[in-house]
Amino acid sequence: MPFPRVIPHSDAAGVIDAVGAQVDARRVGQRVWVYGAQSYRPFGTAAQYTVVPDHQAAPLPDHLSDELGASLGIPGITAHRTVFADGPVDGQLVLIHGVLGGVGSLAAQLAHWAGATVIATVRRTVDLDRVDPAVVSHAVALDTGDPAAAIRSYAPRGVDRIIEVALSDNADLDNAVAAQGAVIAAYATRTDRTVIPFWPLLFNNVTLRLLGSDDFPAEAKRQAARDLTSAAVGALTVAVGDRLPLEDIAKAHDHVDVGGGHGRILLTIPQ
């Protein structure tokens, strides 16, 4: 490990207890949501207190819940970067894979908030009725006979952006539905050495953007924090599957269904 002792986790919502000498003292008592607490630092949010640079404690308006604030960090900033790293999406067709997952659900909401038409995929047909029609214009199950044809029926010229959670699984599908000059923004894959259809993507002038949240540019993270807070006012929701006290953190990890979209597990500190 990079430090003798590491307390994990990066995201949280809470109240500022104290500030350093160069921080506005009026921030004490302010409700905030925190991101990147344990990124390149030893002490994360799986503790009663954590210390972060002031810009990583974003104001949380009083009418927004702690549950929402605690869910915005890694998934929200990753989602924001996948959607906006290559410019505005107003008027574009954006395909979100894994729309029921943590990043996918927020990416869909952000894209819709920004004026895009959202097409989304789920793994199984039985999951289609869990997709929010207020956000997603068209949803396709990957276990159907020809998901590429289904997506193309909604996007005859192809999609402009693809938000990708499993590049190794979907590379051929993405190639089949990408518009000329499209962007595939991939934040995960199942295979370290992922195979892609290089020449078809090349002649279609597709950009493959790989995204690792710890090392996003600092200004990109700040802009994401601003936009997430703005969008949260009426435009963002999160599914909370369970709430557990902090001392049950191991049990919380046992409950996690990665990418399944069954709701986040939130840890709470008794007041």
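In helix H5 (residues 167-177), the buried residues are Leu-167, Asn-170, Ala-171, Leu-173, Asp-174 and Val-177. Buried means under 20% relative accessible area, exposed over 50%, and partly exposed in between, with a 1.4 Å probe and protein chains only. The model is predicted, so local features need pLDDT of at least 70 and side-chain atom pairs count only at pLDDT 80 or more, while totals for chains, interfaces and linings use all residues. Residues are numbered from 1 along each chain as its sequence is written, and side-chain values use heavy atoms, with hydrogens and water left out.

**Helix H5**
- The buried residues of H5 pack against strands E4 (93-96), E7 (159-164), E8 (178-186) and E9 (207-210), and against helix H4 (147-154).
- Helices (H or I, at least four residues) and strands (E, at least two) are DSSP runs, numbered from the N terminus.

**Helix H7**
- The 15 residues of H7 (residues 218-232) should span 21 Å at 1.5 Å a residue, and this agrees with the 21 Å between its end C-alpha atoms.
- The expected span is 1.5 Å times one less than the number of residues in the helix.
- Buried residues of H7 include Ala-220, Ala-224, Leu-228 and Ala-232.
- Among the elements that cover the buried residues of H7 are strand E2 (31-34), helix H1 (66-70) and helix H3 (102-113).
- Gly-234, which follows H7, has a positive phi near 95 degrees.

- His-9 is not a glycine, yet its phi is positive, about 85 degrees.
- His-9 lies in the segment before strand E1 (12-15), and it counts as partly exposed because its relative accessibility is 29%.
- Asn-205, also a residue other than glycine, has a positive phi near 55 degrees.
- Asn-205 is in the loop between helix H6 (198-203) and E9.

Methods:
Contact means heavy atoms within 4.5 Å.
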